[in-house]
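Dear colleague,

I am passing on the structure we spoke of, with the sequence alongside. Could you look through it together with the notes that come after?

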Amino acid sequence: MTKHKCGWCVGDDLYEAYHDNEWGTPLKDEDLLFEFLVLETFQAGLSWITILRKRENFRVAFDRFDYKRIAQYDEHKIADLLQDAGIIRNKLKVRATVTNAKLYMEIQKEFGSFSKYLWDYVDNTPIQNSWNHYKDCPANTPLSDQISKDLKKRGFKFVGSTVIYAFMQAIGMVNDHAVGCYRYKEVQALS
């Protein structure tokens, strides 16, 4: 028996595995949060499947998303990344990743962890939406506007409200699985 899934992932094995195992699951691990932040910033203007297909290449190119190492990247390393055909070679996004890694650690110092900073916005409890169809989900919300505005004020790059909402969906700050999707109740139970 086939399980009903959110329509956006159906038909692609990689997309379905991401949907089934990661998307929307509440995530608080500092390293994984940074990984998703990087991937979402690179996704801006592109399809998510493009990023998923390059995820392992990103992982290798960016030292397994080790933000402490990325914060130390120099011009030579940035130039190397811009020659790496396995990733998205966007100079502004590569530089933003280095900047964001430094600022990520500043938030950790201020709040104790990036996770605490982020999850305090929802009182540590994921927002449970009830969409009938994935196309009903908004591209951004007042909360993603608020988080985006604060991150930009702190100097983060490529963190517009739409990017931040996609990030919130990915890390389970919001449960945007369609109510008919088998993952909806599984994710809801994790809250």
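Predicted model: local features only at pLDDT ≥ 70, side-chain atom pairs only at ≥ 80, totals over all residues.

Residues are numbered from 1 along each chain as its sequence is written, and side-chain values use heavy atoms, with hydrogens and water left out.

The largest pocket holds about 460 Å³ of space. A pocket here is an open set of points on a 1 Å grid over the protein atoms alone where a 1.4 Å probe fits, with protein on both sides within 12 Å along at least five of seven lines, and lining residues have an atom within 4 Å of a point; the volume is the space filled by probe spheres set on the points, which are joined across faces, edges and corners. The lining comprises 18 residues, of which W23, Q43, W48, A166 and Q169 are the closest to the centre. By class there are 13 nonpolar, four polar and one charged residues in this lining, where Ala, Val, Leu, Ile, Met, Phe, Trp, Tyr, Cys and Pro count as nonpolar, Asp, Glu, Lys and Arg as charged, and the others, Gly among them, as polar. At least two lining residues come from each of α1 (13-21), α2 (30-43) and α9 (161-170), and α9 gives the most, with five; helices are DSSP runs (H or I, at least four residues) numbered from the N terminus.

Turning to the helix pairs, the axes of α2 and α3 (residues 48-61) come within 10 Å and cross at roughly 130 degrees, the axes being lines fitted to C-alpha atoms over the stretch in contact and the angles running from 0 to 180 degrees between N-to-C directions. The two helices are therefore oblique to each other, a word that covers angles left over once those under 35 degrees (roughly parallel), over 145 (roughly antiparallel) and 65 to 115 (roughly perpendicular) are set aside. In their contact (heavy atoms within 4.5 Å), E35, F36, L39, E40, F42 and Q43 of α2 meet W48, I51, R55, F58 and R59 of α3, and these residues divide into six nonpolar, one polar and four charged.

α2 also packs against α6 (residues 91-111), at an angle of about 150 degrees and with the axes 11 Å apart. Residues of α2 including L33, F34 and L37 take part, as do V94, A101 and Y104 among those of α6.

Lastly, the axes of α8 (residues 142-153) and α9 come within 8 Å and cross at roughly 110 degrees, and the two are therefore roughly perpendicular.

Best regards
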